[in-house]
Amino acid sequence: MQALGGVFPCQIGVMAAWATGAGQALIDRELYMPREWTGDRTRCRAAHIPDEVGFQTKPRLAEKMIKRALPDLPAGRIWVAADEVYGRDSAFRAFLEAHRLPYAVAVQANQTILARPGWRHASRLVERCAREEDWLTLPAGPSQLGSRMWQWWVRRIPDPDTEIGNGEWARWLIARRRPDPAGRARLLPGLGPADTPVEELVTVPGARWRVEEAIKLAKSACGLADYEVRSFHGWYRHITLTQLAAAFLAVQDATTLRAHGPARSQRFAQDPAAAAPAHTGGSR
């Protein structure tokens with residue numbers, strides 16, 4: 001907690017959001033507890049943490065929320081977007097593939113794409129293969145400031161050893177940078193239906209930002225971070241109620257959008273189809 005100038009008690013939440021063209025809302029939550037907590041059962045009992053609750057990493061918590069959402073997912077392509085905390089976890093990517101969930105997740109520059117020469121370092125692969133004329137300027141999706149324009153380089157990964165769905169699915173390496181050749185590229189391995197157009201692929205990373213917008217609305221309009229709880233149940237009760245209130249506002253805004261257009265729907269303009277896990281924390 002160096003950003004706060006010292007060590008303070010806080011709670012870290014892993015949040016899942018649902019995003020469509022009509023808006024976004026938080027749909028689930030899990031409390032992250034470090035090993036220092038879960039290894040001290042006396043301390044856990046004082047905070048009313050059940051004995052069966054043990055240490056779980058953030059990707060494992062994200063998987064729990066995705067499993068809960070699976071029975072309610074509508075038909076069609078439902079993409080998962082996530083940042084490096086989740087993307088660099090190979091077990092999380094394997095979990096998504098096992099459940100036939102297409103995804104685009106951020107990874108570190110030294111991520112191994114394939115275990116073969118020339119593919120073991122993602123950023124070097126992009127530097128070697130991406131010509132300037134190959135970068136496409138496309139919007140990554142809407143934001144409160146309009147569409148985010150980025151430059152994209154997308155390459156399908158030939159990997160017959162790990163085909164999914166008899167070749168009906170494909171793997172990609174997606175590189176994103178600001179519209180500046182000198183800018184550093186962000187790397188995102190992706191997997192999804194083989195017929196997915198580039199324009200659809202690049203909107204998935206943009207959906208990852210929508211979880212931050214959903215958190216921002218829940219904080220400013222519903223008091224997501226305004227709690228002073230010291231118990232496991234207290235945290236879940238507060239977060240659940242504020243997520244419910246924020247989801248109600250998101251639905252009302254989407255209804256207004258359909259009925260009257262964007263000019264009338266920006267009731268929370270100061271806080272402006274995918275699911276995205278993220279983590280947030282508040283000191284209390």
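**Around Trp235**

Mentor: Leaving aside residues up to four places away in sequence, Trp235 touches Gln11, Gly13, Met15, Arg29, Glu30, Leu31, Tyr227 and Val229, where touching, or contact, means heavy atoms within 4.5 Å. Please keep in mind that this is a predicted model, in which local features need pLDDT of at least 70 and side-chain atom pairs count only at pLDDT 80 or more, while totals for chains, interfaces and linings use all residues. Residues are numbered from 1 along each chain as its sequence is written, and side-chain values use heavy atoms, with hydrogens and water left out.

Trp235 and Leu26 are the residues with the most contacts inside the largest nonpolar core, which has 22 residues; such a core is a set of buried Ala, Val, Leu, Ile, Met, Phe, Trp, Tyr and Cys residues joined through side-chain atoms within 4.5 Å. Buried here stands for under 20% relative accessible area, exposed for over 50%, and partly exposed for values in between, with a 1.4 Å probe and protein chains only. At least two residues of this core come from each of strand S1 (10-20), strand S2 (23-32), helix H8 (203-222) and helix H9 (232-260), and H9 gives the most, with six residues. These elements are DSSP runs numbered from the N terminus, helices being H or I with at least four residues and strands E with at least two.

One of the neighbours of Trp235 is Glu30, which lies in strand S2 and counts as buried because its relative accessibility is 7%. The side chain of Glu30 makes a polar contact of 2.7 Å with the side chain of Tyr236; the term denotes a pair of N or O atoms within 3.5 Å, where within protein one must be able to donate a hydrogen and the other to accept it, and residues adjacent in sequence count only if both atoms are side-chain atoms.

Leu217, Ala218, Ala221 and Cys222 of H8 make the contact with Thr242, Ala245, Ala246 and Leu249 of H9.
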